[in-house]
Amino acid sequence: MFGISPLGWVHTIGSLPAIPLAAYMLIKHGRIVPRSRAGLAYFVFMLIGALTVFLVAHQAVSPVIGAATLVLLLAGYGVGYVAALGRARVYLETVLLSLTVFLLMVPTVSETLRRVPDGHPIVTDPESPLLKGALGLIGVTLVVGVIAQIIHLRRSGNRLARGASAGSTQAPKA
């Protein structure tokens, strides 16, 4: 079904839960919150997707997206523990993890448009204006979203600065 191999289904089903988890955290917290239950689940599902892409990818860019996702994911989850960065930790964490959402959504939208409905996909040409428009919209959403996140973080800076200076990396449980 949809021209997906059994290993491709492991990749798809393994990474798919990251989408609603990201949406939940972005709506509730305005960012991916790595040290929360939802953040931990997001990490696991993103890791599954990023690692399995190397086994199922057919496009030359796919391993690059997978590697970039892994680097950004690990950096995004690790930067919060680098006390020397002070208040910059939360900004870096937010931007890095927002980039992982972007890298999740690009192939998700592309593959969905090129595979659904089964046998008669919405898009058959990688150069399709619809596909390019959808991917462009994701790019614009990333830029606008990151700017909004930074503005929000700056406005709530006193609360975040106290947490960062006290060495706290805890976030609200979600």
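User: Which residues make the nonpolar surface patch?

Analyst: Keep in mind that this is a predicted model. The patch is built from Leu7, Val10, Phe54 and Leu55, and it covers about 370 Å². Helix H1 (6-15) and H3 are the elements that each give two or more residues to it.

User: Now the rings. How many aromatic pairs are there?

Analyst: The count is 1 aromatic pair. Its members are Phe43 and Tyr77, with ring centres 4.7 Å apart.

User: And why is the pair of Phe43 and Tyr77 called tilted?

Analyst: The general idea is to check the angle between the planes: under 30 degrees is stacked, over 60 is edge-to-face, and the rest are tilted. Here the planes sit at 55°, so the pair is tilted.

User: What does the pair tie together?

Analyst: Phe43 is in helix H3 (residues 37-56) and Tyr77 is in helix H4 (residues 62-78), so the pair links parts that are 34 residues apart in sequence.

User: Are Phe43 and Tyr77 buried or exposed?

Analyst: Use the cut-off from before, under 20% for buried. Phe43 comes out at 18%, so it's buried. Tyr77 is buried too, with a relative accessible area of 12%.

User: Which residue lies over the face of Tyr81?

Analyst: That's Arg35, at 5.1 Å from the ring centre.

How values were computed
Residues are numbered from 1 along each chain as its sequence is written. This is a predicted model: local features need pLDDT of at least 70, side-chain atom pairs count only at pLDDT 80 or more; totals for chains, interfaces and linings use all residues. Side-chain values use heavy atoms; hydrogens and water are left out. Rings of Phe, Tyr and Trp (its six-membered ring) pair if their centres lie within 6.5 Å; planes under 30 degrees apart count as stacked, over 60 as edge-to-face and the rest as tilted. Helices (H or I, at least four residues) and strands (E, at least two) are DSSP runs, numbered from the N terminus. Buried means under 20% relative accessible area, exposed over 50%, partly exposed in between (1.4 Å probe, protein chains only). A charge sits over a ring if NZ of Lys or CZ of Arg is within 6 Å of the ring centre and within 35 degrees of the ring normal. Patches are made of residues with over 30% relative accessible area and no salt bridge: like charges are joined within 9 Å, nonpolar side chains (Val, Leu, Ile, Met, Phe, Trp, Tyr) within 5 Å. Accessible areas come from the Shrake-Rupley method with a 1.4 Å probe; for residues, only the protein chains shown count as cover. A salt bridge is a side-chain nitrogen of Lys or Arg within 4 Å of a carboxyl oxygen of Asp or Glu.
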